[in-house]
Amino acid sequence: MAEVSYVKASRVFSGNPPVRAVDELSLEVSDGEFLVLVGPSGSGKSTALRMLAGLEDVDEGAIHIGGKDVTNVPPKGRDIAMVFQSYALYPHMTVAENMGFALKLRGVSKTEIKAKVEEAAKMLDLQKYLERKPKALSGGQRQRVAMGRAIVREPSVFLMDEPLSNLDAKLRVETRANIAALQQRLGTTTIYVTHDQVEAMTMGHRVAVLKDGLLQQCDTPRALYDRPANAFVAGFIGSPAMNLKTVPISAEGAKLDGIVVPLSRAALDAAGGLDEVTFGIRPEALGIVPSGDEGMDMTVELVEELGADALVHGAVKIGEGSQRFVVRVDGRTPPTLGQHVKVAVRDHSEIHLFHPESGERLEA
Amino acid sequence: MRRFLERHWYAYAMVLPVVVVIAVLVLYPLAQGVFFTFTNINEANIANPVLDRPATYSGVGFKNYLNVLSGDTSYGAFWGTLVRTLIWTFACVFLHYVIGLGLALLLNREVRGRTLYRVLLILPWAVPAFISAFAWKYMFNAQYGIINQLLRAVGLPDPVWLGQSDWALFAVIVVNVWLGVPFMMVALLGGLQSIPGDLYEAAEMDGATPWQRFRNVTLPGLRSVSSTVILLGIIWTFNMFPVIYLIAGPNPNTRILVTYAFERFFSGASRDYAVASTYGVLILSVLLVFATVYRRALRKQGEVW
């Protein structure tokens with residue numbers, strides 16, 4: 001059990017110019033918390049995790065685990081366990097040997113190792129496979145062995161590097177829930193890296209969004225969804241992605257294809273002086289309205305039926321050109337391809353405005 | 001049967017030339033060699049078209065085998081020679097493997113000029129063996145050789161390396177190790193590069209020291225490569241004729257089974273083809289038995305091979 005903190009930690013890869021894979025990352029993870037690092041590939045999330053593991057140097061700043069500065073401590077001395085994306089199981093050892101390897105190296109007695117391995121195997125439903133080699137296991141079982149190897153050591157921090165990305169979709173959803181439940185039960189501080197924002201939202205107590213080595217925002221899933229700090233987070237969190245369009249604004253509001261979406265006083269003040277803003281609205285905050293009502297004219301180009309609801313992709317004229325919007329509609333009555341529909345904002349409180357250049361969130 | 005031929009005639013037609021070549025180059029000489037072991041064939045009674053002399057050798061049953069296996073010195077002291085062959089083989093392969101592994105481990109790191117080192121270390125392999133052998137023979141020369149000059153310069157005794165003593169065996173082992181290390185190094189380097197890096201990271205996270213990582217990740221990761229190259233190395237070294245013969249000649253202190261078979265076949269007063277063939281068949285048998293035992297031992301360890 002321990003809290004973790006990154007103090008302006010950077011990792012710079014030499015090159016010309018040098019690449020700041022992780023740039024002055026500052027993060028506080030409290031004891032027992034499940035923190036997810038999420039970002040597109042190349043965002044530095046894995047590097048940040050490996051810095052905490054001790055597999056990657058910290059070039060600037062520091063990393064603390066349990067209040068102790070571990071910046072220059074080798075992995076061995078950090079009391080952490082890691083689950084790798086490839087699982088990295090030792091191919092010549094049985095499941096039990098894999099799980100007990102760290103304890104064996106520490107010189108724990110054989111009976112104690114056996115007891116601990118069995119306890120972990122019970123937790124992960126692996127008892128039947130203890131004598132098998134990794135080769136004879138399915139992907140999901142291997143994943144559980146990798147988890148078991150981490151659990152057996154009873155470390156103060158778990159690190160997980162995309163542990164679900166090699167599983168098929170159904171198993172991934174199932175394992176996602178299992179890992180979250182397991183973490184809840186063990187109460188061990190966990191740092192989890194993923195590129196999948198659904199995983200991030202469903203598993204993390206808090207989610208840290210990274211891009212190009214820079215921390216964009218770190219907050220609870222709800223807060224990330226409701227109040228994204230910038231256009232990148234807004235576009236990254238949520239599926240399908242938020243509609244983000246650059247639109248002209250005036251004193252009345254934002255102009256979209258003949259309609260003016262009224263904006264709050266505070267928002268207009270924040271955008272003061274700008275004649276354009278990045279206007280963001282989630283597909284679920286838009287809706288199709290009867291043709292007589294006020295709204296944007298949209299030509300339906302694609303309908304994705306998901307069962308409960310359907311995603312309607314279509315083009316809307318804004319200014320000179322046309323922009324594509326996605327609208328989430330009821331799954332039972334989707335429009336047909338090529339149909340002209342009226343789209344209106346259903347909930348004005350769900351409008352997000354961002355600075356057109358910096359991408360920073362506008363309004364208080 | 002006809003349907004079968006109709007369907008597959010093309011495949012068989014393509015395979016036929018290889019079958020013929022192997023039959024002529026391998027199977028026929030092998031069968032002839034085995035046949036000779038049951039005769040008393042030598043230079044005096046083999047058919048000689050130049051002298052217009054018909055073959056006059058005759059079958060002698062298992063007499064050649066009995067003579068050879070009796071260990072009699074006039075038949076090459078089989079058991080003593082076998083022991084020397086085993087010493088030679090295991091000393092060479094052990095040193096090949098250990099030195100090759102050491103160099104492969106060094107070359108598997110990020111070092112400056114890695115490509116250059118690799119090329120230099122593969123060089124002994126690229127030079128024709130007989131050229132290296134003659135170079136070494138000169139270096140081992142008791143009077144003018146660079147080795148003894150160096151030894152004398154630092155005041156150490158300078159033995160007659162290639163004389164009638166066990167120094168000769170030592171010398172040929174040194175040369176063969178020098179020749180054989182590159183192959184082991186290249187093969188093991190390939191093996192090392194196929195071990196996933198995250199296994200080392202996982203072991204590091206598990207708290208393994210560098211030695212423990214070597215024991216628990218590197219060695220098991222190399223097992224399939226090692227088992228193959230060690231078997232190959234043993235077979236090749238067991239039958240390594242040119243190094244010994246070119247460096248030490250027909251020296252009884254470096255005599256191994258193949259060199260004795262050669263001596264018996266090509267030199268000496270009688271040119272005893274029968275006994276030479278008997279040696280050949282015995283070498284083949286020893287290697288077959290060894291390979292079978294080796295494979296069985298590996299399979300017991302759970303190696304799929």
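## Close-up views of chain B

**View 1. Chain B meets chain A.** In this predicted model, 14 residues of chain B are in contact with 15 residues of chain A. Which elements of chain B give two or more residues to the side that touches chain A? They are helix H8 (197-205) and helix H9 (210-238) of chain B. H8(B) gives the most, with six residues.

**View 2. Helix H3 of chain B packs with H9(B).** Two packed helices are described by the angle between their axes and the distance between the axes. Here, helix H3 (residues 78-107) of chain B and H9(B) pack at an angle of about 140°, and their axes are 9 Å apart. Angles over 145 degrees would count as roughly antiparallel, so H3(B) is oblique to H9(B). The crossing of the two helices, H3(B) and H9(B), is right-handed.

**View 3. The residues between H3(B) and H9(B).** From H3(B), look for Thr85(B), Thr89(B), Cys92(B), Val93(B), His96(B) and Tyr97(B). Their partners on H9(B) are Ile230(B), Gly233(B), Ile234(B), Thr237(B) and Phe238(B). How do the residues of this contact divide? Six are nonpolar, five are polar and none is charged.

**View 4. Transmembrane regions of chain B from the UniProt record.** The unreviewed UniProt entry places the feature "transmembrane region" at several stretches of chain B, among them residues 86-107 and 229-248. Over residues 86-107 of chain B, the chain is 100% helix and 0% strand, with its end C-alpha atoms 31 Å apart. Over residues 229-248 of chain B, the chain is 85% helix and 0% strand, and the end C-alpha atoms lie 27 Å apart.

Methods
Residues are numbered from 1 along each chain as its sequence is written. Chains are lettered from A and ligands numbered from 1 in the order in which they are written. This is a predicted model: local features need pLDDT of at least 70, side-chain atom pairs count only at pLDDT 80 or more; totals for chains, interfaces and linings use all residues. UniProt positions are given in the numbering used here, feature names are shortened, and annotations may be inferred rather than shown by experiment. Helices (H or I, at least four residues) and strands (E, at least two) are DSSP runs, numbered from the N terminus. Two residues are in contact if their C-beta atoms, placed from the backbone, lie within 7 Å. Axes are lines fitted to C-alpha atoms, for helices over the stretch in contact, and angles run from 0 to 180 degrees between N-to-C directions. Angles under 35 degrees count as roughly parallel, over 145 as roughly antiparallel, 65 to 115 as roughly perpendicular and the rest as oblique. A crossing is left-handed if the near helix is turned anticlockwise from the far one by less than a right angle, and right-handed if clockwise. Ala, Val, Leu, Ile, Met, Phe, Trp, Tyr, Cys and Pro count as nonpolar, Asp, Glu, Lys and Arg as charged, and the others, Gly among them, as polar.
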